Amino acid sequence: MELQQLRYVVAVAETNNFTRAAERCLVVQSALSHQIARLERELGARLFERTSRRVRLTPAGEAFLPAARQCLDAADRAVAEVAAALGEVRGRLAVGVIPTVAAVDIPSALRDFRARYPDVRVSLRVGASEELAVQVEDGALDVAFLGLPPTARPRGVAVHELLRDRLIAIVAPDHPLAGESSVDIRRFATEVFVDFPAGSAGRAQSDLAFAAAGIDREVAFEVTSPGFIVRLVQQNLGVAMLPSAWSPQPSGVVRLDVTDAPARVEYVVWSRSGGTPAATAFLAALGIEAAPDLS
């Protein structure tokens, strides 16, 4: 079994297509298919079901994939650790962010990091806080920036608190509340809301606050993008709550301070084992020491 074969398996699993996987791995498709077939013979099991329309993992492939990823991560980390011992930072930096991250200017931070460490492969993934935390714990991401209610705290990862913030309400300019300087949460009892999907950490911040006020609000529009939330509010289809520190500040809507607004906490998380050399260097650039979490 060779590392390159494992890379081919992961590429096919992530693209669900042999042609796209070969393009990603910079090989011809016949060579990729040959190596996967050779690996399947060695394992005595088929890893993929192939039809004219799609490719998908078999049960054996589902069982094999996590271990394949762990082997590749371990190999990459071994190379990075050797480079670190020689005073170099290499390997990968896989970063996860929530769409409303406000504590760190992520594009600028990644630009500066890549300029300083050009031999590190940098990637970025946007997702929900709970998903990103799991991916850091599993090793799929090196660092992630999360936003959670004050009652929640990331588990299974090393944690550093970045920012405590409150939500503000946004309404259309012609909304009846648009002329108010501040309101309390009960003023929104009869409003239709635009919010993040039910069950997500972004949604929980508002749900907890309305539940505490005894209000059963109506969320008619569930979307994952804060920019799309703003666009729906601009059309007066509903009202919404977003972090007050979120940048860019939305235009075409009116911001309202909410006296009893939901609170949120932003965190950066990384592996409890201390992180890769690239993750350690990235966090250090943010003024954070990536020490192992021994708790």
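**Stop 1: Pro262**

Select Pro262 first. Pro262 counts as buried because its relative accessibility is 3%, and buried means under 20%. Keep in mind that you are looking at a predicted model.

Where along the chain does Pro262 sit? It is found in the loop between β11 (254-258) and β12 (263-270).

Now show the surroundings. Set aside the neighbours within four places in sequence. Pro262 is then in contact with Arg166, Leu167, Gln205, Ser206, Ala209 and Met241.

Pro262 and Thr280 are 18 residues apart along the chain. Draw a line between their C-alpha atoms: the separation is 33 Å.

**Stop 2: the whole chain**

Zoom out. The C-alpha atoms fill a box of roughly 70 × 50 × 35 Å, taken along the principal axes. Switch to cartoon view. The chain has 9 helices and 12 strands.

How many residues does the chain have, and what share of them is buried? There are 295 residues, and 45% of them are buried. Turn to contacts between residues at least 6 apart in sequence. Of these, 70% join residues at least 24 apart.

**Stop 3: the domains**

Domain 1 covers 3-68, domain 2 covers 87-162 + 266-286, and domain 3 covers 164-263. The centres of domain 1 and domain 3, taken over C-alpha atoms, are 45 Å apart.

Then select residues 1-58. An unreviewed UniProt entry annotates this span as "domain: HTH lysR-type". The span is 62% helix and 10% strand. Its end C-alpha atoms lie 19 Å apart.

**Stop 4: the largest pocket**

Which residues are closest to its centre? Select Val10, Glu14, Leu72, Asp73 and Arg92; these are the closest of the 23 residues that line the pocket.

Now highlight the elements around the pocket. Those giving two or more residues to the lining are α1 (3-15), α2 (18-25), α4 (59-85), β3 (91-97), β4 (120-126) and α6 (129-138). The largest share comes from α4, with 6 residues.

Colour the lining by residue type. You will find 9 nonpolar, 4 polar and 10 charged residues. Last, bring back the domain colours. Domain 1 (3-68) and domain 2 (87-162 + 266-286) each give at least three residues to this lining.

How values were computed: Residues numbered from 1 in each chain as written. Predicted model: local features only at pLDDT ≥ 70, side-chain atom pairs only at ≥ 80, totals over all residues. Heavy atoms only, no water. 1 Å grid on protein atoms, 1.4 Å probe; cavity = no way out; pocket = protein on both sides within 12 Å on 5 of 7 lines; lining within 4 Å. Helix = DSSP H or I, 4+ residues; strand = E, 2+ residues; numbered from the N terminus. Nonpolar A, V, L, I, M, F, W, Y, C, P; charged D, E, K, R; others polar. Domains from an automatic or database assignment. Buried < 20%, exposed > 50% of the residue type's maximum accessible area, 1.4 Å probe, protein only. Contact = heavy atoms within 4.5 Å. UniProt positions renumbered as here; feature names shortened; annotations may be inferred.
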